[in-house]
Amino acid sequence: MDLSFETVIGLEVHVQLATESKLFCSCPTAYIGTEPNTNVCPACLGLPGSLPSLNRRALELGVKAALALDCSVNAMTRFHRKNYFYPDLPKAFQVSQYDIPLAVSGSMPIFLEGRVKNINITRLHLEEDAGKLVHKTADGRLSGASFSLVDYNRGGVPLAEIVSEPELSSPEEAREYVLTIRRLVRYLEVSDGDMESGSLRVDANISQKCSDGRWGSRVEIKNVNSVRAMERALEYEIIRQREILLNGEEIVQETRHWDDGAGVTRSSRSKEEAHDYRYFPEPDLPPIKIDEELVKYIGCSLPELPWDRRERYIREWGLSQADSVSLSENQDVALYLEKTVAFGADRQLAANWVRTYILRLQNETGVAINDLAVGPEDLASLLVHVKQGSLSSTAAKDVLGIMFALGVKVGAAMEKSGISAGGVSRDALFETVARILEANPAETGVIIAGGDTAVRKRKYLMGLVMKEIRGQAAGEEVSAAFDAVLGSIRDRSL
Amino acid sequence: MIFHEMEASRIASGIRDGEFTARDVVGDCLARMQALEPVLNALITPLSEKAIAKAESIDKAVSSGKSPGPLGGVPVVVKDNMCTRGVRTTCGSRILGDWKPPYDATVIELLEKAGAVVIGKSNMDEFAMGSSTEHSAFGPASNPRDTDRVPGGSSGGSAASVAAGYVPIALGSDTGGSIRQPAAFCGVHGLKPTYGLVSRWGLVAFASSLDQIGPFARSVSDMALVMDVIASYDHKDSTCRPGGRPVFSESIKEPSVKGKKVGIVREFQNGTLDGDIERSIENTASMLSSSGAEIVDISLPESAAYGLPCYYIIAPAEASSNLARFDGVRYGLREEAPDLISQFLRTRSAGFGEEVQRRILTGTFALSSGYYDAYYLLALKVRRRICVEFTQAFEAADVILMPATPSLPFRKGEFIDDPISMYMSDVFTLPVNLAGLPGMTVSTGMNASGLPLSVQIVAPRWADSRLLEFAAVIEAWAGRPGISSGGVL
């Protein structure tokens, strides 16, 4: 009998919240590139006698993310202690949440090849990060060390853990889910969502359901440090688990670590192994009542969510899938686009130009879109000319370059470049067309004889005209002039 | 002048008015301490030089016309589980080694700001676990009223310091009776404030939901004086109640119990209670009655039956987590080992004493998966019922009058190998911690053999000033406790 399998994946995504200070003390959250153990205090070092005080900003950012994920925010929430010994955990417990997390029961749509799938979110809770162990030898190498160093600058940095239901059925879906969360937290400015630096971390739970009714045990995969690594780890794990089941064996429920270099997952015999965390309510932090007004306020001030915006661009604006994704990913970009349209630009035209030129300018210069010399109003007035045909795309691109370089408005930029809207007079245009046709008798002859069925020759000649007039007329105008001049040549030759 | 017999309020006003100097007062108290310390071992770390320097700075302030603060020049002792910047803080344990905190506990800051002179850090049962100060890595302390007997615990060193006249006031911490029981044993007053009245920032935690800092004193007015200094909102302790505090010294100006209802707990008048203590309760009740109070019967069956087991699940459970940080990685003792786990095990086995290890094991067990519901969760439910029971009792009574301890101070070594009997010493005090209430041991003199007698009074949450008012009435009748030298001088 041929067996088939279904893959079941659930993800735990840890997002570092973009607060200035740590979750339970006022130390700065900066830990990358800081001198080790400088952003610390008695509280985040867990010194005897120290106590935690909750950072309200972290709570607010957690609520913001939770509402965007359509979760219900609990009216009362509380923290628990998760107890285990490890040198990067200075109190030997992590303050986390357990039975009453900040928020529960949400969902988030992910887009897969034109199909939308809603992934249910089990919960979102807050917790503190641990410190960082550095394994370093005396000569500074990182392997073969006989001792480890620990840096507590990261200890106590606020994290939101977002737990999905086991509803993802492939590594591709898992990938799309993580990318969607990353876009969301960046969009909401809840986190920088950077996986490489560890601001966004993923643990994946994966199991197999066999067509003969067997359910493989769940395996947790840790140490995936990029979306690609997660996909590879899941792909590897699917094959490994299916082979075990095909051999009629049982899958061990365990935590496995992804070895990116070797491209395999390995059974972990470290701190996560068979732990009893002895969770109990953190007695140093009374339960927190979450103000209903605050939740309402945060809910009302949430921007249009990226997936809603994307849908709107597709349905109402008629933009392509690709345009919609890239233009809805970042709130500032989306607002720039929408303002450009509000100032009178055509939607599709604005979408093309923002995606092609404005984003490029932003990337090339590193200047935030809101600080670019060319604002939505300037772009809109440029695009109005393009739409009306008084500027060709080529000319408009030159004008935009000047607007950007000199920080001037459309009018001044056109003057500067010697281009003016509807720049060539009708006479000048006709004269140019006539000159080009005369200078290219062979092509002209074919056209007049009706031999240019593929319109290649006409296009070639029109290109020459455009070049001559430096794009200062719309294509239709040039085309009309072409027809007129060709007509008169035909008349003359009769 | 014999400064070490004086009340703190008298010392402070004498220094403020230029009648005598802080240097003289501190010198006298240090001499007293140095004479008795070889016998009492009430201090783990005496701070003589620091104290003299501080006294001199107080004198300088006074002579330049500055106010030295409400406790200006008053010598005090603090329990060695309160963090003192740059000064060794041991918790009576080996595991902290020579650790010097980089910060002061909030109560230390407040005392310093008020001009108090810390002359030493007091001996205690290791991590405040014990009722005799015998479980100290620095050797047992003795009771100044009878040096063959224990001073009680865990704040035995602080209680002994006040009873012996090292200082007029001292700070202790009380998780299940660790202020009130040693106060009773040493014959001084001891107050455990309402949970959340005094900041715990800088108090090395034993059981976070029960721990509370409070004072020892030989007079109710000194008690009020120090409460006015240490009872203050602190944002660094999330369990500290926001808002103002009553002026405690005002509440004892014209103390009266007229028309107040005093509850007597029938369940606590059982056969195990020492006869002298029982009579002390009865005498206090009749005095209060003749002063215009009404004596009413109340019932606390849950506290009587389940208080002790409930406490001995919750406190060790929290302790097992609070004490997990002592792993030899960052500070304190480290026993080197070839691997991490062995280093943890060796360090903790060598650093913690037997009683602390017992409680860590008990607490770890109570929180373990499969046992959590049967132990920890059940204990939380019982705790809830004890709270409700007290709330109901306070519908009938303004204060509850009950014993602080079931027995008079026991002899050294008497219960050292019998933890359960030792635990019984706190049977009347620990329900008060479970309910977060204020409770106070008020000294009521001595029995025929010269051992201290006392009563415990308990009030509703945040009614700490009511306790002081009652204590003032009892003190006016029973007299203020004096000092003892334990026969040494």
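## About the model

Because the model is predicted, local features need pLDDT of at least 70 and side-chain atom pairs count only at pLDDT 80 or more, while totals for chains, interfaces and linings use all residues. Residues are numbered from 1 along each chain as its sequence is written, and chains are lettered from A, with ligands numbered from 1, in the order in which they are written.

## Overall form of chain A

Chain A holds 15 helices and 16 strands, where helices (H or I, at least four residues) and strands (E, at least two) are DSSP runs numbered from the N terminus. Its radius of gyration, taken over C-alpha atoms, is 31 Å, well over the 23 Å that the globule rule gives for 494 residues, so chain A is more spread out than a compact globule; the rule itself is 2.2 Å times the number of residues to the power 0.38. Along the principal axes, the C-alpha atoms of chain A fill a box of roughly 100 × 60 × 55 Å.

The domain assignment, which is of an automatic or database kind, divides chain A into domain 1 (5-294), domain 2 (303-416) and domain 3 (426-493). Taken over C-alpha atoms, the centres of domain 1 and domain 3 of chain A are separated by 65 Å. Buried residues make up 39% of the 494 residues in chain A; a residue is buried if 20 or more other C-beta atoms, placed from the backbone, lie within 10 Å of its own, exposed if 12 or fewer, and partly exposed in between.

## Two local details of chain A

Three strands of chain A form an open antiparallel sheet in the order β5-β4-β15, and two strands pair if DSSP finds at least two bridges between them. The edge strands, each pairing on one side only, are β5 (93-96) and β15 (280-281) of chain A. Strand β4 (residues 80-83) of chain A pairs with β5(A) over four bridges, and A:His80 stands opposite A:Ser96 in β5(A).

A:Leu372 lies in the loop between α8 (347-365) and α9 (376-388) of chain A. With 19 other C-beta atoms within 10 Å, A:Leu372 is partly exposed. Leaving aside residues up to four places away in sequence, A:Leu372 touches A:Ile358, A:Leu361, A:Gln362 and A:Val367, a contact being two C-beta atoms, placed from the backbone, that lie within 7 Å.

## Overall form of chain B

Chain B has 16 helices and 11 strands. The radius of gyration of chain B is 21 Å, close to the 23 Å that the globule rule gives for 489 residues, so chain B is as compact as a globular protein of that length. Buried residues make up 60% of the 489 residues in chain B, and its C-alpha atoms fill a box of roughly 65 × 55 × 45 Å along the principal axes.

Among the buried residues of α13(B) are B:Tyr375, B:Ala379, B:Val382, B:Ile386 and B:Phe390. An α-helix has 3.6 residues a turn, so residues three or four places apart point the same way.

## Where the chains touch

In this model, 24 residues of chain A are in contact with 32 residues of chain B. The side of chain A that touches chain B has 15 nonpolar, four polar and five charged residues, where Ala, Val, Leu, Ile, Met, Phe, Trp, Tyr, Cys and Pro count as nonpolar, Asp, Glu, Lys and Arg as charged, and the others, Gly among them, as polar.
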